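Please read the points below with the sequence and the model open beside you. They go through the contact between the chains, and then through some helices and strands.

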Amino acid sequence: MSAEITPVVVRLKLSLLRNGLRQSGGRRAAYIASAVVTLLFAALQLLGLIALRGHAHVESLIVLLVAVLGLGWAVMPLFFPSGDETLDPTRLVMLPLRPRPLVRALLAASLVGIGPLFTLCLFAGSVIAVAHGAVAWAVGAVGVVLALLVCVALARAVAAANVALLTSRKGRDLAVLSGLVVAVGAQLVNFGAQRLGSAGLAQLDPVADVLRWVPPASAIGAVDSASDGSYGVAAAQLATGVAALVALLAVWARHLTRLMTSPDGSTLQAAETAARERTSTGLSRLLPGGRTGTVMERSLRYVWRDPKTKAAWVTSLAIGLIVPVFNAWQGTGSVWFACFAAGMLGIQMYNQFGQDTSAFWMVAMTISGTRDAYAELRARALALLVITLPYATLVTVLTTAMLGDWPKLPGALGLSFALLGAMLATGAWTSARFPYSIPQEGYKNVAPGQTGLAWISIFGGLVAAALLCSPVIALAVWLNASADGDRWAWLLLPVGAGYGAAVTVLGLRLAAPRTARRLPEILSAVSKG
Amino acid sequence: MVGISAVRVQGLWKRFGQQIAVAGIDLELPAGKFIGLVGPNGAGKTTTLSMVTGLLRPDQGTVEVVGHDVWRDPVQVKARIGVLPEGLRLFERLSGRELLGYTGRLRGLPGAEVDKRATQLLDVLDLAGAQHKLVVDYSTGMRKKIGLAAALLHNPEVLFLDEPFEGVDPVSAQTIRGVLERYTASGATVVFSSHVMELVESLCDWVAVMAAGRIRAHGSLAEVRGDAPSLQRAFLELVGANGRDTVSDLDWLGGGAR
């Protein structure tokens, strides 16, 4: 075939983009909104960088920015192996294509999209911030294009090299954890920005001295070198960028060739992987018998084995610990903040059946009345308590220890337990009344079209839980305010614990008949993922 | 049990928005038979089986399984039926053995008995080697087999299987077939849906043909087949797809010139 395929592939990418948007109004709105936000953000960056022009340490800042962006391009394909079908070599495998023109065409297609546009804006801003003199501007023009190509080639090479991982179950499990990566990354960026704000840009210089030689940052670093008149250094930095680009393209082309000429990895993999013996972990011996123990065991296994459930739990555990403990550490906290842990963990009781996905039918087939439904819900609550009760206690004790406010410990524990009970009760009830699907792929936690349902379930539940807790909260406030309240503060612990337990049982009792009556409706609500 | 049919369906309707999936089905399935529910894709087979097994609420109509109403008497019905649905997940993050242990115990069987039956089912269905692998890593055939094992574990009177052979390799299909034949020989009833006529013809002794949400014919295999040479022919005539000739337009296909 002699026809040039680059325009064909680029057109294919544009059609796929257009057709994707045509599928639904919501999707189009989401895409346009994200595009607008991204471009606004890019424009702000651009303005910021232009404003920084002439600042003493700006060259260090931009080198770091470009390096971070490059890192982002490198890890992005691992966590967001999204539906860019033009870049999926397995779709092209039946076509008679040579690697070299194919790489060229795919590289061109990769440049179409919001991501590359955003990157381009940022690189252009970086050049504007540091370029002084005609030579620097010329180097800048080359550097921007080079840096962008390096970024795109980097992402493609990483994706092609890891295609076996990305198409396997482990890879998809990894992608589910992407939300966590974003959250943690945002925290790190936030932390870094605060440090910079207080200590100044000069701090970056040592890091930047290394990064200015690492592609793609070297391509933009060359602009700064050219501005200083060190043309030799600039040329060397550009050469590093070019070398990196050539190397990445070679790696990409080699993996692409191998992918397109060897059998699909998924068929090979099914044959090997010796099954690891999964003997009983002794867990079942500790749990009660009957339905209760069976359901608890499955729930606890899912916390560890199901990526979606695991991600939700890790988030809850981490935030439940971080908020009270960090606040206590900075001296701004209070012992009462420790109740946050109980609240965060109680959220896991929400949408119990949605967490089952359509496998809920297996549960539905064994529930033939209110009694079964009650046993099922109670077992799920108990499984949750196995983790939550010690954890909430630990967080509360830890927070108290850091603040040294021991007299308040019984009160905070009591309130935590009451809150936990209220969350379990409302969680059980909303699980039966407002179930929704949790998509198993990707980072979303609500199936399209069920967002309203999820909001009602979670926020309605939270408000209801707070209201349910109000007697205990009132008691705590009253004991705190009254003159000899401290003498009776210990009372909050038994009262809170007892109240929490009673509310939980009540919630389960109310939820059970509703669950038993609505089995088909729950099944259809949770099967949309 | 003479006189009581395995399944009795009366005036069953289901509508999804504008689409009528099941348009008033009356059907009586005899007990102790190997029963095939056949029809093209979209005929309403899955919807019907879901309503019969209590997984989907009908808009109208009644369903009785071995004499008990599915919606009024779920205690009696759920203990007596086994189900292998199509398009619904299993608890895939359990290993095959764990899944059977979980299902059996939820069904209220004693733990030791569950483990004994699970071992035998895993052996017979040729899953013993993969019993400690997570179900999420199973192939389609293995999933169908572990689903079948889970449905059989409590020794139900009536077994409902939605497309049990879809996407299953010939070896697994033969295994499934062997288990089902042994099961019906003991007097139990199997109801399964399929659109592969040869399969239905070779397995079933009683057939119901569905198209566009209605039952077009039902009865013993010989009755439904009538004078036609095969069930396939009889089926195409029943759903009105016979004699459609689209081949003459493709005169360029095959032969010498490209």
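1. Helices (H or I, at least four residues) and strands (E, at least two) are taken here as DSSP runs, numbered from the N terminus, and the expected span of a helix is 1.5 Å times one less than its number of residues. The model is a predicted one, in which local features need pLDDT of at least 70 and side-chain atom pairs count only at pLDDT 80 or more, while totals for chains, interfaces and linings use all residues. Residues are numbered from 1 along each chain as its sequence is written, and chains are lettered from A and ligands numbered from 1 in the order in which they are written.

2. Helix H5 of chain B, residues 140-152, has 13 residues and reaches 18 Å from its first C-alpha to its last, close to the 18 Å expected at 1.5 Å a residue. Twelve of the 13 residues of H5(B) are buried, a residue being buried if 20 or more other C-beta atoms, placed from the backbone, lie within 10 Å of its own, exposed if 12 or fewer, and partly exposed in between. Among the buried residues are B:Arg143, B:Lys144 and B:Lys145. The buried residues of H5(B) pack against strands S6 (81-84) and S7 (158-162) and helices H3 (96-106), H4 (111-124) and H6 (170-185) of chain B.

3. Strand S3 of chain B, residues 34-38, is largely enclosed by the rest of the structure, because five of its five residues are buried. B:Phe34, B:Gly36 and B:Val38 point one way from S3(B), whereas B:Ile35 and B:Leu37 point the other way. Strands count as paired if DSSP finds at least two bridges between them; S3(B) runs parallel to strand S8 (residues 189-194) of chain B, joined by five bridges, with B:Gly36 opposite B:Phe192. S3(B) also pairs in the parallel sense with strand S9 (residues 206-211) of chain B, over four bridges, and there B:Leu37 stands opposite B:Ala208.

4. Chain B also has an open sheet of four strands in the order S2-S1-S4-S5, with antiparallel pairing, whose edge strands are S2 (19-29) and S5 (68-69). Strand S1 (residues 7-16) and strand S4 (residues 60-65) of chain B are antiparallel over five bridges, and B:Trp13 stands opposite B:Gln60 in S4(B).

5. In chain A, the axes of helix H12 (residues 217-227) and helix H13 (residues 231-261) come within 8 Å and cross at roughly 170°; axes are lines fitted to C-alpha atoms, for helices over the stretch in contact, and angles run from 0 to 180 degrees between N-to-C directions. H12(A) is therefore roughly antiparallel to H13(A), since angles under 35 degrees count as roughly parallel, over 145 as roughly antiparallel, 65 to 115 as roughly perpendicular and the rest as oblique. Residues of H12(A) including A:Gly221 and A:Ala222 meet residues of H13(A) including A:Ala234 and A:Leu238, where contact requires C-beta atoms, placed from the backbone, to lie within 7 Å.

6. How many residues does each chain bring to the contact between chain A and chain B? Chain A brings 26 residues and chain B brings 27 residues. On the side of chain A that touches chain B, helices H16 (290-305), H20 (360-364) and H26 (519-526) of chain A each supply at least two residues, and H16(A) gives the most, with six residues.

Note on methods
Two residues are in contact if their C-beta atoms, placed from the backbone, lie within 7 Å.
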